Amino acid sequence: MADPDPALDVPEPGARNSSEEPGAVHSAADIATAWQRERPGAPTESIEIVTPIWWLGKLFADDRDRALRAAGIDAATLDLLSVVRRSGPPYALSTREIARRTLVTAGAISQRVARAERDGLVLRRPGTTGRRTVLVCLTAEGHALIERSVDTVLGREARLVRGLSDQERTVLAGLLVKLMADVRRRTER
């Protein structure tokens with residue numbers, strides 16, 4: 001049998017280089033370089049920013065989900081209880097204000113409130129500014145749950161960013177605020 005033509009020695013899709021460790025993650029720079037090689041002229045300048053943000057988002061979300069499951073609360077309920085708790089005493093907000101602060105639709109807020117009310121975490125009562133205004137108020141049980149949960153979640157997240165110095169966290173936070181504002185402006189319709 002003749003030796004195969006070395007020009008046809010193409011690795012199978014998904015095969016890794018023998019120098020790579022199993023499960024190795026390519027860096028965003030590797031991904032950008034590969035696109036530049038495969039599609040010269042393709043706009044790759046965002047890859048080294050956007051890709052790590054997506055990856056970090058996934059890592060943070062997965063860790064948060066684990067923490068929330070352990071605390072007995074889901075992300076939607078945490079979001080609802082957190083926004084009401086952060087409003088300060090008497091821990092009550094209108095459903096319209098909750099929707100504005102959480103960037104969630106009124107319909108989704110209505111569902112979240114109904115579920116939290118059924119679980120004894122909030123109460124709905126008529127607002128004072130109009131017939132159709134509904135206030136969402138934390139119950140004692142809702143207040144206790146958010147207090148426990150926020151300590152768990154924020155404590156874990158604080159540990160996750162300890163690899164950065166105080167100065168690095170400050171710089172990164174400022175850059176993220178700047179990027180968020182610019183992306184929001186560019187994506188508004």
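**View 1. Arg125 and the pairing of strands E2 and E3 in the predicted model.** In this predicted model, Arg125 stands opposite Leu135 of strand E3. The two strands concerned, E2 (residues 122-126) and E3, pair in the antiparallel sense, and their pairing runs over five bridges. On its other partner strand, E1 (residues 92-94), E3 again pairs in the antiparallel sense, here over three bridges, and Leu93 is found opposite Val136 of E3. E3 is mostly covered, since four of its five residues count as buried.

**View 2. The surroundings of Leu138 and the largest nonpolar core.** Leaving aside residues up to four places away in sequence, Leu138 touches Leu81, Val84, Arg85, Tyr91, Leu121, Val122, His143 and Ile146. The largest nonpolar core comprises 22 residues, and Leu138 is among the members that touch the most others, together with Leu81, Val84, Ile98 and Val122. Two or more residues of this core come from each of helix H3 (75-86), H4, H5, strand E3 (134-138) and H6, with H3 giving the most, namely five residues. As a general background to such a view, nonpolar side chains in soluble globular proteins tend to be buried together.

**View 3. Helix H4 and what covers it.** Glu97, Ile98, Ala99 and Thr102 are the buried residues of H4, and the elements that cover these residues include H3, E1, H5 and E3. Ile98 also belongs to the largest nonpolar core, where it is one of the residues touching the most other members. After H4 comes Leu103, whose phi is positive, near 60 degrees.

**View 4. The largest pocket and its lining.** The largest pocket has a volume of about 1100 Å³ and is lined by 25 residues, of which Ile53, Leu56, Phe60, Leu172 and Leu176 lie nearest its centre. Helix H2 (47-71), helix H6 (140-160) and helix H7 (166-187) are the elements that give two or more residues to this lining, and H2 gives the most, with ten residues. Sorted by class, the lining of the largest pocket holds 18 nonpolar, three polar and four charged residues.

**View 5. The second largest pocket, lined in part by H4 and H5.** The second largest pocket has a volume of about 330 Å³, and helix H4 (95-102) and helix H5 (106-118) are the elements that give two or more residues to its lining. Its lining residues are Ser94, Thr95, Arg96, Ala99, Ala106, Ile109, Ser110, Arg124, Arg132, Thr133 and Val134. By class, four of these are nonpolar, four are polar and three are charged.

**View 6. The chain as a whole, for orientation.** The secondary structure of the protein chain comes to seven helices and three strands, and, read along the sequence, these follow the pattern α-α-α-β-α-α-β-β-α-α. Buried residues make up 23% of the 189 residues in the chain. Among contacts between residues at least 6 apart in sequence, 46% join residues at least 24 apart.

Methods:
Residues are numbered from 1 along each chain as its sequence is written. This is a predicted model: local features need pLDDT of at least 70, side-chain atom pairs count only at pLDDT 80 or more; totals for chains, interfaces and linings use all residues. Side-chain values use heavy atoms; hydrogens and water are left out. On a 1 Å grid over the protein atoms alone, a cavity is a set of points where a 1.4 Å probe fits but cannot get out, and a pocket is an open set with protein on both sides within 12 Å along at least five of seven lines; lining residues have an atom within 4 Å of a point. Grid points are joined across faces, edges and corners, and a volume is the space filled by probe spheres set on the points. Ala, Val, Leu, Ile, Met, Phe, Trp, Tyr, Cys and Pro count as nonpolar, Asp, Glu, Lys and Arg as charged, and the others, Gly among them, as polar. A nonpolar core is a set of buried Ala, Val, Leu, Ile, Met, Phe, Trp, Tyr and Cys residues joined through side-chain atoms within 4.5 Å. Buried means under 20% relative accessible area, exposed over 50%, partly exposed in between (1.4 Å probe, protein chains only). Contact means heavy atoms within 4.5 Å. Two strands pair if DSSP finds at least two bridges between them.
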